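Q: I'm new to this one and would like a walk through it. Can we go piece by piece?
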Amino acid sequence: MSAFFEDIEVGDTLELGEYTFAREDIVRFAEKYDPQAFHLSEEAAAQTHFGRLCASGWHTAAVFMKLWVTRHQALQEEALAAGQTPAKLGPSPGFEDLKWIRPVFVGDTLRYRRVVTGKTESRTRPDWGLVHSDMQAFNQDGTLVFSFKGTVFVERRKG
């Protein structure tokens, strides 16, 4: 989204990238941030409703953030290399409707994307607009496993 607010259209989709959840990464994340049994070992997970080791939902969210930032950095670099001035992204005033729809198991590969669902001109920051999006992750079978509604400030074109 190195595009300015005015250039963004409802329905625009941005592919953010993919990530495969390895056993070691799932356990390492869980040990630090979400030490529930079904994230820590196959044996413990086998005794739970999941039946096998699965990633923390917060892990899937952290991967989203990493891919989001990396994709936008790449878009800004591409714009600069083409002699264009990329639009700045501002802060996010928040998100809503976070859902962990299906478990993410060892070896699952998630494909993350953003789909623009609306735009709002900022009343308090005239140089910025708000872009509303559905943030989603699909597993290798194409099943939606993670989603939330996000909003971010995007710079408006000057003049």
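Q: Where is Leu 67?
A: Leu 67 lies in helix H4. Helices are DSSP runs of H or I with at least four residues, strands are DSSP runs of E with at least two, and both are numbered from the N terminus. This is a predicted model, where local features need pLDDT of at least 70 and side-chain atom pairs count only at pLDDT 80 or more, while totals for chains, interfaces and linings use all residues. Residues are numbered from 1 along each chain as its sequence is written, and side-chain values use heavy atoms, with hydrogens and water left out.

Q: Is Leu 67 buried or exposed?
A: Leu 67 counts as buried, at 15% relative accessibility. Buried means under 20% relative accessible area, exposed means over 50%, and partly exposed is in between, with a 1.4 Å probe and protein chains only.

Q: What is Leu 67 in contact with, leaving aside neighbours within four places in sequence?
A: Leu 16, Gly 17, Glu 18 and Tyr 112 are in contact with Leu 67, with those neighbours set aside. Contact means heavy atoms within 4.5 Å.

Q: And how far apart are Leu 67 and Glu 121?
A: They are 54 residues apart in sequence, and their C-alpha atoms are 26 Å apart in space.

Q: Back to H4. Which of its residues are buried?
A: Gly 57, His 59, Thr 60, Ala 61, Val 63, Phe 64, Leu 67, Trp 68, His 72, Leu 75 and Ala 79.

Q: What do the buried residues of H4 pack against?
A: They pack against H1 and the strands E1 (13-20), E2, E3 (109-121), E4 (128-138) and E5 (144-155).

Q: What span should H4 have, at 1.5 Å a residue?
A: The 25 residues of H4 should span 36 Å, and the end C-alpha atoms are 36 Å apart, which agrees. The expected span is 1.5 Å times one less than the number of residues in the helix.

Q: What happens at the start of H4?
A: A side-chain oxygen of Ser 56 comes to within 3.0 Å of the backbone nitrogen of Trp 58.

Q: What follows H4?
A: Gly 83, with a positive phi near 80°.

Q: How do H1 and H4 cross?
A: The axes of H1 (residues 23-33) and H4 (residues 57-81) come within 10 Å and cross at roughly 105°. That makes H1 roughly perpendicular to H4. Axes here are lines fitted to C-alpha atoms, for helices over the stretch in contact, and angles run from 0 to 180 degrees between N-to-C directions. Under 35 degrees is roughly parallel, over 145 roughly antiparallel, 65 to 115 roughly perpendicular, and the rest oblique.

Q: Which residues make that contact?
A: On H1 they are Asp 25, Ile 26 and Phe 29, and on H4 they are Trp 58, His 59 and Ala 62.

Q: Changing topic: what about phi of Asp 97?
A: Phi of Asp 97 is near 60°, a positive value in a residue other than glycine. Most residues other than glycine have a negative phi. Asp 97 lies in strand E2 (residues 94-100) and is partly exposed, with a relative accessible area of 39%.

Q: Where is Gly 150?
A: Gly 150 is in strand E5 and counts as buried, at 6% relative accessibility. Leaving aside neighbours within four places in sequence, Gly 150 is in contact with Gly 94, Phe 95, Val 131, His 132, Ser 133 and Met 135. Gly 150 and Glu 96 are 54 residues apart in sequence and 6.7 Å apart in space, C-alpha to C-alpha.

Q: And Gly 107, where does that lie?
A: Gly 107 lies in the loop between E2 and E3. At 44% relative accessibility, Gly 107 counts as partly exposed, and it touches Thr 20 and Phe 21, not counting residues up to four places away in sequence.

Q: How many helices and strands are in the protein?
A: There are four helices and five strands, running β-α-α-α-α-β-β-β-β from the N terminus on. Buried residues make up 40% of the 159 residues.

Technical notes:
A polar contact is a pair of N or O atoms within 3.5 Å; within protein, one must be able to donate a hydrogen and the other to accept it, and residues adjacent in sequence count only if both atoms are side-chain atoms.
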